[in-house]
Amino acid sequence: METTHRIRGLLAGTAAALLLLTGCGAGGPHGSADGTEHGKGLPAPADGDTAPRDREREPARDHLSTFALDVDTASYGYARRALADGDRPDPSTIRPEEFVNSFRQDYERPDGNGFSVTVDGARTGEDWSLLRVGLATRATTATGDRPPAALTFVIDVSGSMAEPGRLDLAKTSLGTMTDRLRDDDSVALVTFSGEAETVLPMTRLGDRRGRVHDAVDSLEPTDSTNLGAGVETGYATAVEGLREGATNRVVLVSDALANTGDTDADTILERVAGARRDHGITLFGVGVGSDYGDALMERLADRGDGHTTYVSDDADAEKVFCEELPQHVDLTARDAKAQVAFDPHTVEEFRLVGYDDRRVADDDFRDDGVDGGEVGPGHTVTALYAVRTRPGAEGHLATATVRWLDPATRTPHEASGQVETGALHQDLPSAPARFQVAATAAYFADALRAGDDRFGTLPGAPSLTELGKTARTLAKRTEDPEVGRLADTIDLARRDVGR
């Protein structure tokens, strides 16, 4: 299949060039350090280039890349589910940054709110390198140290949720989570099918857990999917039960296959804009089901200042509801954005891998009225860049800066990190194991997007066979079962294309 012919070559450090997926700075999808275009995501000719060589020494006209932070992981989870079911995921559902950010990184963490910044890289052949920008929040604290939570669960009970692994999985997960929340946490429950209904108003747990369990156990699938009504009623219930001093969240659990009422994310969220703006109620989307409205759920979460994830089995559900959701209860940063400034004297060209929907105009980096990402404790955010350095160039390569607002006072803060050319690892195999995991995830995402001309490609990447072997080696080296699952998923994709 064409997919494998597009993804040969490099993870062991043998490629001549590494190209990438999406835009450069605030410009279009393909650019160079001097602001010119090379088209189709391919590097400019190195040998025999007829462009004047003195032009290469001019400072870059566009040397910035800016994006809103994103800790979503739904794209990877849904792709894994599709491949396990014997299907190829639609390339439009593949978001490389969500593949990369599905795996643990070992960045140094800050002591307080905000971020630490790690910048490192590895050479990948000729003048190309892979650059990693790593951001980390403080470690999660004991459950008792966070603010109380006021969670409004909006549960899809439409007919499609009757499929095993949808409503049944949600009910089991909610039941387990209810037992693990604190006594001073509160839970409300809204259901929607053709219409929306508040099944349980905001209820302080304490000795009322039985009431929550009864409400969860009563959920049964019915008919159509009026997701817009569910979100609107969910926010109304959250506002009615708003708790000062608590973290107020709406948690949407759905296959997002809206077929009744308003099905447009922007207009749905416009109706609840006041609740979001005035009370800071953010949306956490949990996707389920073999058929899944990925685009709608992702847009809802992005526009709702929240996050998305996907669950396909009990292990996923346990992780999301009992581990990840508590991380989303507390916030360490609001409207967080990152900007990477590449040194025009050393960098010929750069590309950001993924973040297609999260790019921000460079001039808006310090405009705190422009939405960024909301990030909680215990999170890491990784962005990868393919960087082409000028021949023989040495010295400063790039500086990465993250800007965020304090979640309580909305005071802006910044932190930065930088990297020199001399600090780059000589090839990918000599880079830290977690760096290699991030690269493997990015190459895999690129393989799944190959063949669709709406996206660029990463020529010089490994074949799926080579990529699977690398993932298997990294799984043993890191002793991380999630990396082992990545290796299994790559093998499923490889068997699908026969290479």
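## Before we start

Helices (H or I, at least four residues) and strands (E, at least two) are DSSP runs, numbered from the N terminus. This is a predicted model, in which local features need pLDDT of at least 70, side-chain atom pairs count only at pLDDT 80 or more, and totals for chains, interfaces and linings use all residues. Residues are numbered from 1 along each chain as its sequence is written, and side-chain values use heavy atoms, with hydrogens and water left out.

## Two loop residues

E479 sits in the loop between α12 (464–478) and α13 (481–497). Its phi is positive, about 55°, although E479 is not a glycine. E479 is exposed, with a relative accessible area of 72%; exposed means over 50%, buried under 20%, and partly exposed in between (1.4 Å probe, protein chains only).

A256 belongs to the loop between β7 (247–254) and α7 (265–270). A256 also has a positive phi, near 60°, and is not a glycine. With a relative accessible area of 5%, A256 is buried.

## A covered strand

Strand β11 (residues 347–352) is mostly covered, with 6 of its 6 residues buried. β11 runs antiparallel to strand β13 (residues 380–389), and 5 bridges join them; two strands pair if DSSP finds at least two bridges between them. R351 has A386 of β13 as its bridge partner.
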